[in-house]
Each structure stands twice: as C-alpha cells, then as structure tokens.
Amino acid sequence: MTFVEYTWLIPLLPIIGLILAAAFGRKTPEDGGYFVIGSVALACAMSLLVAYEFFTGDGTPVYASQVWIDLGTINGVQYQFEIGYYVDYLTALLLIVVSILCTLIVIYSLGYMHEEGDRKRRYYVEIALFITGMLGMVVASNYLEAFIFWEMMGLCSYLLIGFWYYKPSAAKAAKKAFLTTRIGDISFMLGIIALFGSFGTLNYHQLFDPAFTESFDVNYWMLLFAMLCFFGAAVGKSAQFPLHDWLPDAMEGPTTVSALIHAATMVKAGVYLVARSFPLMVHTPEVMIVIAVIGGFTAFFAATQALNNFNIKRVLAYSTISQLGFMFLALGCGGYIIATAGADEHLLEVGNTGYMAAIFHLMNHAFFKALLFLSAGAVIHAVHTEDMRKMGGLSKKLKITSLVMLIGALAISGIPPFSGFWSKDLVLESTIAAAGVNPWFWILYIAGTVTAFLTAFYMFRLWFMTFKGEESEAAHHAHEAPASMWVPLVILAIAATITGLFLLMPDGGLPAVIYTVSPEGLAIPGETLGLGWIEKFFTAWPTYVSLAMAVFGIGVAYLAYYKKTLSMAFYTKGGNKRIYDVLQRRYYFPEFYDYVGEKGMYGLARLVDFIDRKVVDGVVNAIAAVAVGSSGRFRKAQTGMTQTYAAVVVAAVSVILVLLYIFAGVR
Amino acid sequence: MIPQEYFLVLSGILFAIGAFGVLTRKNAIVVLMCVEIMLNAANINFVTFSVFSGGAAGQVFALFSIAIAAAEVAVGLAILLNLQKLQDTIELQDLNLLRW
C-alpha cells in the first residue's frame, strides 16, 4: 500500500468534520470544534505521510484522474474534464505547510473563539469548508478542478470576513473582498477557456509534458493570453496591485481567519497558481516581466502604507501584501531567466534558484506570518482593542506572546538565522541575477532592498508600540492567553526559526527538489550548495546591504518608538504632512474603487438599461404597432354586405376557371 | 333529336341570369328566387348528362335536388319573415350589422 494513492482523501477529511460539526455541533462541547480539529489533524497526518513518501521516492509526479464530463470529440480532439489528484514536489511541500498551519490555527481557535457562543458552530463549519478548498486546490489534477476549489475558498473568505455580519464595516469588507477577488476569478475562467480551447486539455500531466511544448509555439498568442489571465487571477487572490485593497479591510474578520486565510494560506493560492503554471509560463518571457514588475512594485507600495497605520492587524495585512509581492518578484525574475536562458545550464540553475526562492519564501512567510497574526490575536484577546496607541507595555503581562512575536518580527525583517533572512536574500539575489540578463531589473532590486528597510521599520514599530513603553490602561487587566492559544504560538515560533535551515540540508535541501522545466524541457535543479549556502551568502555584498537595511530599520524604530529620541511627529509635522495623509488614506484607493464603481459600473448599467428600454422594448413595441395599424386597415374589407362577399366568390371562381383554362389545359 | 349543346347553353344562360340577380338585386326575396334559378340550371345539367350518357342516376339526383331546394326555400322564407319582423326591411344593403 502506498499513501500517495490515497491523496484524494486529504481534501475529503475536513468535509467529514464539517458534516459532523454541522449535524451534531449543538450537542457537543465547543459547538463541533473538536470534530473539525480531529478531521483536520487526520488530514494533516495524511498529508505528512503523502509528503514523506513522495520526498523519499524518485520524484516523478504521481497522478490519477477520472473522466468527470465527456464533451465528445470535435475535429479529432477528445474534450474531457477530469477530476483527480496530481502530486509533485510543489504539491507535497504545500501539503505540509498548509495542513500543519490549518491544524495549529484550528486548535488556536478553540481558545480564541471560546466566547463566541452560538456562532461558533458556523465558524467551525466554514473554516472546515475553507480547509477543504485549500487542500483540494493544492492536490487538484487539472485547472478546472483547481478553479472549483479556488472558488470554494473565495466563498469561505467572504463568509468568514463577514463573520460578525451585524457590524456594518465587516459586512462591507466581506462584500469588497468578494467583488474584488471576483475580478481575478473571471480572469482565471478566461484563462481556462483559452487554454482548453487552444490545447484541448487542462490536465497538468499533459500540459507539463515536455513533448507537449510544440503546440505552444503554434498557438503562442493564446498561451500568452491564458498565462496573463492566470496571473490576473493570482493578482486578485493574492491581493497584488491594483486589486490589493480588499486585504486590509479583510481584517474585519476574526484574527484566526486573518491568520489562516488572509496571511498563511488562501492568499498564497495565487502564488501557488503561478508556480504551478510555471512549466507553461516559462514559454512567455513577457508574462514573466509583468509578474516581476507587479510583484516588485506591490512589495514596495504596500510596505509604505504599513508605516503609519495604527491598527495592529492592518499593519500585518499590508506586510502580507508586501511579502506576497516578494514572492511574485522572485517568480518573475527566476522565470524570466529560465525563459531567456535557452539551453544554458548555468542560467537555468540560477533561474530555478529564483523559482525555489519564491516557494521557499512562501513556506517561511506562511509560518512567521501565521505566528505574527496569532500573536496579534493573543494581544487583542488580552486587551480587547486593535489600536496600537492603546496598547504599550504589554511585555510584562504577555511574556510568551511578546517573545514569540519578537521571533516573528526578526524573521520577517530578515535577521539571521531566522527563516525570513534566507528566503528574502534569495529573492533579492534572483533580482540581481535577472538584472544580469536585463539591466532594468536593477530597479526591482532597489525596490526590494528599500522594502526590506521599510519592513524592518514597521515591524519593530509595531512591536515596540505594543509591548514596550509605558504601561497603558488596557495593559493593567491583560492576562496571558490559554494553553490552546500559546502552545500553537510556540510551535509556530520554532517553525519560524528553523524552516530557513531547509536550504542548508544535505543532498541539496530545497533547491534539489523545487524546480521547474525550461521551454526546451530541461529540468535542472537550482544551486544545490547545502552548507555552501552560508559561504555564498556571507561572501556576497547584497547580503550585507539587506542586513544593513534591516538593522537600520530596526534601529530607527528603536530610536523613535522605544527611546523616543527620534520624534516621528517632527518629520511628519504632527501628521499634517501631505504624504502622511496620502498613506493614511491608502493612496486614495478606496475612493478610486468607488469612482470606478460609480462611473464605470453605474455607467455600464445605465447603458444596459438604455438598450433594454429603448432597443429591446422598442423592437417589441414596433412589431405590435405594425400589427395594430395593419389590422385597422385590413378590417375595412369586412363590409357586412352579403352581396359583396358573393361578388368576391364569383369573381374568384371566374378567375380560377380562366386560369385553369389557360395554364392547366382544362377544356 | 335536339343536340346536347343546346341544353348546356340553356343551363349556362340560366346560371348566369341567376348569378347576376343574386349579385345585383336589392330585395332579398328576388335574391332567393335567383338562387332557385341557379339551382334549376344545375338540375338541367343533371338531366342532360343523364339522358345523353344512358343512365337514370342523374334524373334521380335532379329529383333529390328539387326536394332539397323546396326545403331550402322554406328555410329562406322563414328567415326573411323574421327579418321583416325585427328590422322592418328585407333590403339587403340595409342588413350590414356583421361588419367591422
């Protein structure tokens, strides 16, 4: 028996938990929470077994699928939709990350959601459905199946952001998130249609087969279009510019939801989709440039908005957008190198290192961002506010929380040996490598480096404002979170410390397993240096630049928010400076969305209304008017005079007789 | 023996006179009489073809036709009587209620 054959069970297990929680939730403690924890833990165990078996195997993708809908044969091509599973290194790694995080966060929910009362059952049911969506998306065997699970996640995101639906702000945020990500979903659907129409299949194992690549050259523009659409989908789901604005608002949901869905897993689905499509995307360097530019810009753009925000969760939300931008930056840079490398083995190795950097950062970020969010949750749980100005001096009361959050902050700032350091440096290194191919990428490197400084600054601003300084009013009543909350925090803190070291493992570590194929079908792993990475990192100048940036950022935050020798109010003129206001108002993006909605959508609605009223109704009315008018004329023929009718009959019969005589030869 | 054409021409003339009367006369009774003339034109045809083709069927049909014509006249006159009662007229151009 092999475990991989039972991969299909993984997304199915949380469904069982969902059904049990929905059916018996009322009668069991924690309103069904234990069912969900149990089923998710089982799914986690199953995922770990599958991943273990896969990583110890020979590495060829394992897949199986069944025909779901048969559309018949058109022009000799059989069109079928299938449903099944596809396991390769990317799937296996994602399974580990997602299932562990889901388990820990559901356990944490036990403490965090304890006081929610009746609504708990709904929470657990929705979170179980979400976990099904995420795990299903990861193991899906084709794009259509992935799309179904993708939509399931979108729905759960909407439901959970609006968990406290009686708060107008939460209801509004849920709507906004749903509508904004919907733009990406439509893009995904367009991409699927383009791909299916041009290449006749959506199955990963067929599309990723190097033998299949010949047809890409024939239909290059369709491929380019489909790949742009897929990236558009990722932009929506992963909150990249210009569809980023829903994520900060999504913080209206419970903190566990923010941690699980809007930091650790669902927003990574976009990155996963791009990484999954990489064997196709490396054929299109244009798309890679788009991905790198959007990613690099978003990283910087989102980080600036975190600088002066006072809501602890929103700072983390902006930082999530920014870090997702880093992942796309690495994917774009690595992919661009691969796309332009031809058969150059060294460049392929460098390119695949960039690809690996993105996945590596995805994994590290999932752990440390979940840690940061859950720590923030513990803080909010203790002080019942999200405003950092009302916190302060909490480190004495929340010893564990302040410590684990410090680890998370160090990890995201890129201080060795915490995980963020390794992956962030690899990302920046891949931009430098891409700059070797195309000098314009230097701009993205500079954006990334400045973002590293901004990240360190706002993270430590958050930490100092929350835990240090004078003890605030709220801090007097604060108390440490229950065990179900701090145990997951400690586990995550350990993970955030050590996951970076996967890079250094013997036999090549992550680069040896996470790589993609070039347009020529060559599959060359990234740089598998093992412990040699340490030497490579600390002999290269970019490492010291980004380290200096991080330390500088922490230093500024320390001076401004701990020592208070550096007055931020002085530089912002007490918050009156124009740029300060622009950042507070999120670069006017909410207004921009409203404007687009008002002018664009309402205008379109008015146009449709006009067509409906004037054109469609007009045609119907015109037909009716013609019928009424003509009947008014024709009814005059009915004179009511018997002799008129008789005359018509006689005349007609005479005419028929004459005609018969002339033409039909009747004598 | 008188040739067949003579009978047929007579029948045709009678039919034309009847049709002309039906279309042009104003008095409903005259119209009814014209209809009878047209029917008799048909009877002459029946008898003629019966005699010249050597069978009795046509003459039998003519008898039936005369009987039916009698019944039809009875019905027609009854209608005209009622018309006179209700409308005070049997002039056809005044009887145009069934129109637009």
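Between chain B and chain A of this predicted model, the count of salt bridges is zero. Two residue pairs, both at pLDDT 80 or more, are in polar contact across this boundary. On the side of chain B that touches chain A, helix α1 (residues 4–24) of chain B supplies the largest share, namely three residues, and by class this side is made up of seven nonpolar, three polar and two charged residues. The contact draws on twelve residues from chain B and twelve residues from chain A. The size of an interface is often given as the accessible area lost when the parts come together. For chain B and chain A this buried area is about 910 Å², of which 63% lies on carbon and sulfur atoms.

Within chain B, helix α2 (residues 28–53) was examined in more detail. At the N-terminal end, α2(B) is capped by B:N27, a side-chain oxygen of which lies 2.8 Å from the backbone nitrogen of B:I29. Just after the helix, B:G54 takes a positive phi of about 80°. The buried residues of α2(B) are B:A28, B:V31, B:L32, B:C34, B:E36, B:A41, B:N43, B:T48 and B:S50. These buried residues pack against α1 and α3 (57–87) of chain B, and also against α27 (642–664) of chain A.

Chain A contains 27 helices and two strands, and its C-alpha atoms fill a box of roughly 120 × 60 × 55 Å along the principal axes. Of its 667 residues, 57% count as buried. Among the contacts in chain A with a separation of 6 or more, 80% are accounted for by residues 24 or more positions apart.

Over all chains, the count of salt bridges comes to twelve. One of them is formed by A:D88 and A:R276, whose closest N and O atoms are 2.9 Å apart. This pair links distant parts of the chain, 188 residues apart, with A:D88 in the loop between β2 (77–87) and α3 (89–112) of chain A and A:R276 in helix α12 (residues 268–276) of chain A. Both A:D88 and A:R276 are buried.

Another salt bridge joins the side chains of A:E252 and A:R314, with an N to O distance of 3.7 Å. Because A:E252 lies in the loop between α10 (246–249) and α11 (255–264) of chain A, whereas A:R314 belongs to helix α15 (residues 312–341) of chain A, the pair ties together parts that are 62 residues apart in sequence. Here, too, A:E252 and A:R314 are both buried. A:E252 and A:R314 are also members of a network of salt bridges that links them with A:K167, A:K176, A:D245 and A:D249.

A:E126 has a relative accessible area of 9% and so counts as buried, whereas A:R122, at 27% relative accessibility, counts as partly exposed.

Several backbone features remain to be described. Most residues other than glycine have a negative phi, and most peptide bonds are trans. In chain A, the peptide bond joining A:F241 and A:P242 is cis, with omega about 5°, and A:P242 lies in the loop between α9 (220–237) and α10 of chain A. The loop between α9 and α10 of chain A also holds A:A239, a residue other than glycine with a positive phi, near 55°. With a relative accessibility of 0%, A:A239 counts as buried. The peptide bond from A:P416 to A:P417 is likewise cis, with omega near 5°, and A:P417 is found in the loop between α17 (399–413) and α18 (419–437) of chain A. In chain B, a positive phi of about 65° occurs at B:D88, which is not a glycine. B:D88 is placed in the segment after α3 of chain B and is exposed, with a relative accessible area of 62%.

Methods: Residues numbered from 1 in each chain as written. Chains lettered and ligands numbered in written order. Predicted model: local features only at pLDDT ≥ 70, side-chain atom pairs only at ≥ 80, totals over all residues. Heavy atoms only, no water. Contact = heavy atoms within 4.5 Å. Buried area = accessible area lost by both parts, 1.4 Å probe. Salt bridge = Lys/Arg side-chain N within 4 Å of Asp/Glu carboxyl O. Polar contact = N/O pair within 3.5 Å; in protein donor to acceptor, adjacent residues only side chain to side chain. Helix = DSSP H or I, 4+ residues; strand = E, 2+ residues; numbered from the N terminus. Nonpolar A, V, L, I, M, F, W, Y, C, P; charged D, E, K, R; others polar. Buried < 20%, exposed > 50% of the residue type's maximum accessible area, 1.4 Å probe, protein only.
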